[in-house]
Amino acid sequence: MKRRDFLKFIGAGGIGTGLGILFGQAIKPPGSKLIPYLIPPEDVIPGLANWYASLCTQCSAGCGVLVKVMDGRAKKVEGNPLHPVSNGKLCVRGQSGVQTLYNPDRITGPMKRKGARGSNSFEPISWDEAIREVSGKLKELSSKGEAEKLYLLSSSLGGHLGMLADDFMAGFGSSNSIKYDLFDNRNLRYANKSTMGLDAIPHYDIENTQYLLSFGADFASTWLSPVALSRGYGEMRQGGHSARGKFVQVEPRLSLTAANADDWVPAKPGTEAILALAIAREIVESGHYKGSDVSAWKSLLAPFGRTYAAGVTDVDKGKIRTIAKEFMNARPSLAIGGESISGYSNGVSGLVAINILNHVAGNLGIEGGVQPNSSDLFAGRRADRVGPGIDALIKAANGSGIGLLLHYNNNPAFTTPGSAHAVEAIKNVPYIASFSSFMDETTALADIILPSHTSFEDWGDDFTDPAPGFQVATLMQPVVSPVFKTRSLGDTIIGLGKGVGGAAAAKMPEGTYAEHLKDSWSGLYTRNKAMNASELTFERFWRDTLAKGGWWKESKPKMSKLKVSARSAARHISKEPAKFEGDNSQYPLYLIPYAQAGHLDGRGANVPWLQELPDPITSVVWGSWVEINPKTASRLGVKMGDMVEIESPYGKILSPVFVYEGIRPDTVAVPIGQGHKLYGRYAENRGANPLEVLPPTVDSRTGAYALNSTRVRIVKTGRPGDLVKMDVSTDELGRNIVQTVPPGGAPHKDTSHH
Amino acid sequence: MSGILTRLKDKLASYRVPGYRTKFDYKWTMVVDLDRCNGCEACVVACYAENNLPVVGKRDCDISRRFSWIRIERYVEGTYPDVKVKFIPIMCQHCDAAPCEIGCPVYATYHNQDGLNVQVYNRCVGTFTCATYCTYDVRRFNWFTYKWDAPLEQQLNPDVTVREMGVMEKCTFCIQRIRVAKDTAKDEGRKVQEGDMKTACEQSCPTDAITFGDLNDPHSKVSKLAKSPRRYRLLEELDTDPSVIYLKRVMEDRKGSGHGTSHG
Amino acid sequence: MDNISYNEINDDVVRTMTKTTWKYWALLIFCASMAGVLWFGAWAYQIYAGQGVTGLNTPTFWGIYLANFVFWIGISHSGTLLSAILFITATPWRRSIYRSAEAITFFSVLTAAVFIFVHMGRPWNFYWTMPYFTTRELWVNFTSPIMFDVFAISTYMTSSVIFLYFGSIPDLAAVRDKVTGWRKPVYTYLSLGWRGTDAEWHWLSKSYTFFAVFIIPLAVSVHSIVSWDFALSTVPGLNKTIFAPYFVVGAIFSGTAAIVTLMACYRKAMKVEKYITLMHFDKLCMLLLVMSLLWSYINVVEVFSGWYANTSAENETLMYRMFMKPHAYMYWLMILTNSILPLLFIFKSLRRSIFICIIVSIGINVGMWIERYLIVATSLPRKFLPNMWHDYIPSLIEISMTIGSIFFFVMLFLIFVKLWPSISIYEVKEDIGIPMRKGFKRH
């Protein structure tokens, strides 16, 4: 279907709220009637597909999607070609949204705990009962004067849902809203805020860069906004540029992204920041940096000499020099830092070092470099995503500081280090109400479950962060009627607020969440000049926005001047490598847990498609593994598929060995995502969760858990593992299957391309 | 006598001359740019969603019965630290001289007028010959009648058959989408044009590595890409004349490898 | 064989058909039930559950069933081909063994044909492989080697049955004259009113000779065609031009070995040592020796041409077949049984030792089965794209059906012996000569 056709198609239907009337029951606007299918809705023709624009919530990137709906069922999710983030493309997790919607292991209706806490034994109750019970508990808490003891633990709720939740909390009298996701880019936000003063994640313009230097940013599978960045990557390589962009990846393990790099630099784990600073020093010393504060930089970077850095980082001196030379000479160039570098005990330092590198090379605020994103769409009502971390919640729970916990859509019982004892802490909370759609390890601890819709059944919106250099607001609309007896979280919150009464009730909107969302957008429309310039009336604006999938003003990103001051940077950098728990002699190997493309932080593990999707690098399906360099493996006497114990000072897990050339001999890597004890039939009791062996190390500046912070040892068990990998041989045997040309060996670009 | 001959001639003419190797209505072609492909496998999931591919479970994966019609193969070169991993998406190559078509005794797989190698599920008796002859290992067999756990079956695409036990299947170049595009074009009294349809894998590919179109149309994107100096076809020496064209990955030779893996 | 009277021959042959011990019944019932459970039971389960119960996987779509199919077709070459060749060359020692050999042909073709259906994904649609008229005007694909098979095997089976039946008519008449009870009308019907007139003998001899001549190229072509199932593909290890002669030689080799095994058992069980003598074993073993040398030569040629081609794919297949897990041991076992053990037959005394004959001939059949198995099981798992390589390990269902098919075959033979004169009466009589008077000696 062509873009234009599809727009005509969905625009003509005038779907808007009409869709809510069609399929919605929970979101039924007042006064709507039950319409039999004998009088079919205007835009539903059996056998013909309708495409509805909506929002993907499988990760926080905020891709706009189109959902193919036939006869009231969601069939396929595709990227929304008009949407500037997804550009019509979608990643593996996004496309699996339909299997989340129709997942056989969803919670089918409100439930109350029957057995002991955590025994996963629940009995169904009615929605009225559930709302009554939770509001009763809330009222109880409030009457005891312990309103401050209400905690809300959720994923980073984007858009107006987050604001509604904040309103509720504020009305109730609690400020304890904990946003937690394992990969919530807490360190990145902090580093950018403290060195460049940015509120929002900037736009990393991979597309137009000539030299991309990535420190462990696995943007091909998980980092920030994989779809948008991968698209940029494709354009960088074979887009319409005069020369093909070069790409160097610094990372202890050859990730999917590193596999696409022209050069892989396996620096010693924990020293990437030093490498970045050494490169920055080379650039400053070479006279490339022309800023007035050049002397301040010189003195700040003085300790990071090439020789010192080469010694610490295990990267050749000449290589540091080459990278520095190429990085400053290629215009524009861009350095980015991902999970691997931000996951060390001094994660912020690494990301600051990268900002410095971009600053001294002159990559800030230019095309092909780092471009700031505005955050003014929300008139100061933006939910602050870098609030207190999960460690604050654990502390409070252990100190009986939590009277009632509301939980939604994250799974700290799985995504926090085992040594942080999140489960034990949460068990201390007297009453837990969960709004989760799935029975995961954290939800199982709840006393009552008020299951929410998944994204294709619900209304919502998202203000994209990171945005592509200009503001993007994406709308989410229900495309099918609810599969189970679940409810929109917004409606649940409004119901609870009204049930509690008092200030909380006063803060709650009249009517449903769907209506509230429209009202809020009406407010946005009134406030925002760019918005109300686009359409004459709000109703028309709303209809078009729903049809299009959101609102954005596609424009060249604003190139405002960005800079990193030596003074702000100085507070964060250090000459010391990151710290690793465990004694070198006892635990000789660094452990790198990493996000796997299909499962991210484990949330994809209940989707059969993603379980059966071979890992892009190892091709393993339905399980986890530990990547070991062949040299290390032969030293340990283990071979591919052997079951081994990975033991850190904090615990041990069992995992089969995957022997991989693309990992440092002093490092092992384990993917995150498997090892669920609960999470539906596809996820349960499969593989191992590396977080179980991590220390409770946090970067004190942000409260983010450091993933790469322990050493481990590998202990042979002598048993075969349950490794199932799809690749039998990865040796091409000279059969010219993947043919290559050296750069310059053939014209880099095809004039025909785009 | 001449009457009989004329009738015979008419009769023979009434059988559509297969476009195979002579004249195609369209020549559907896919171009895969390996320099863009980053191996993310979005295409694989897109194919599962579009074509009702079953999930077979761990045990069957272990004996190589995964269903994906498109797969990413990876090849690792060199040893640490000089390691290169190369990706290549492989789907049915829709060969113009297809080995599978020779093998099938019942014409369950044949070449249609658009240059597609099509598989007729109803006709298949499951002799495995096509899959054995296939040089690209892209054919998948329904070893069992696969089930979807309710309510996952609600996702199944009604435009695509759910195959029964005992039949062979493979990538169709999303023939159901081609069908829709052709019907629309026919209604509008024209030929299918560039941009009328995309295959599921092409549609989802974040890096735009996959391009699909009509090679007979000199203005189509595939026609232009097919002239790229980086062009090659998979296992071309077998002379299967595939309809999938790959563009070579731009990659430096490994240090010390001494030779390029190919010569552009 | 000299001091046997015509009557005695008649009596002996009829005795094998009418006198049945309980042991025989027990064996028959055992074989039938084993065939029923191991083969048809397993097959029923496979049809119910799907081909997934096999060990077949994505590159290795052909497994043990195809190996069994080729193996049984190979066995079939024993009989009819051998019988026809020996008939045309007027080899005297043919006479007492050829009937059983032809029966073996028929039964093994039957078994092989069933395996075609066993290996099909949707066997209930088997008739779609036949060129029948439909309103859809849908024809079968004549370029498919599988289609060649359909024609070749059905022609072969038909011709073999006719050949077997023509040769048996005088004997059926002889049996008709001896038996009583329910057998009488059956053999009366089967013998087509044979009276033994000169004209009848004349036409029998004419048509029999015609079929003998006809069947030799047919049999050669059948196994050549079977080899094209593999050779027409592009898969390394299968696309060998040597395959047609290789398969034909292998077929005669394994077929002859099967005859030796069966004759040895039959001779003992039926107490017909006077008809099937050590001389027969001597001659058959000589044939085995020749075939073994020929087979070894072609095997070397196959390996050599693969090695000489020196492509990555060919080399990999050879290495995988000869030196890698999980099948390399089978390759060397095959070399032992097919190339080395038959060399024992250089010595006349060993050729005349029933024990050695049985050991070697069973060994050859095992080896020849392995050869067929290795062709599919070591070529398909190593096709062109190393990423999709996958070893093939047969499942229990497949092994069960393979064993079951042997029982099925034995069962058919056991039934045959009771229903058909399994030694050619009239030709054995020819062998003895005309008993003009007592003490007549031919030599």
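User: How much area do chain B and chain A bury between them?
Analyst: This is a predicted model, in which local features need pLDDT of at least 70 and side-chain atom pairs count only at pLDDT 80 or more, while totals for chains, interfaces and linings use all residues. Residues are numbered from 1 along each chain as its sequence is written, chains are lettered from A and ligands numbered from 1 in the order in which they are written, and side-chain values use heavy atoms, with hydrogens and water left out. Buried area is the accessible area (1.4 Å probe) that two parts lose on being put together, summed over both. For chain B and chain A, 55% of it lies on carbon and sulfur atoms, and the total is about 7600 Å².

User: How many salt bridges does the rule find across the interface of chain B and chain A?
Analyst: A salt bridge is a side-chain nitrogen of Lys or Arg within 4 Å of a carboxyl oxygen of Asp or Glu. One that meets this rule joins A:Lys68 and B:Asp159, at 3.5 Å from N to O. Across the interface of chain B and chain A, the number found is nine.

User: Which element gives the most residues to the side of chain B that touches chain A?
Analyst: Helices (H or I, at least four residues) and strands (E, at least two) are DSSP runs, numbered from the N terminus. Elements of chain B that give two or more residues to this side include α3 (58–62), β3 (84–90) and α2 (42–51). With seven residues, the element that gives the most is α2(B).

User: How many residues of chain C are in contact with chain B?
Analyst: Contact means heavy atoms within 4.5 Å. Chain B and chain C bury about 4000 Å² between them, 58% of it on carbon and sulfur atoms. Chain B brings 46 residues to this contact, and the number from chain C is 49.

User: Is A:Ala191 buried or exposed?
Analyst: A:Ala191 lies in helix α7 (residues 186–196) of chain A, and its contacts beyond four places in sequence include A:Val348 and A:Leu351. Buried means under 20% relative accessible area, exposed over 50% and partly exposed in between (1.4 Å probe, protein chains only). Because its relative accessible area is 0%, A:Ala191 is buried.
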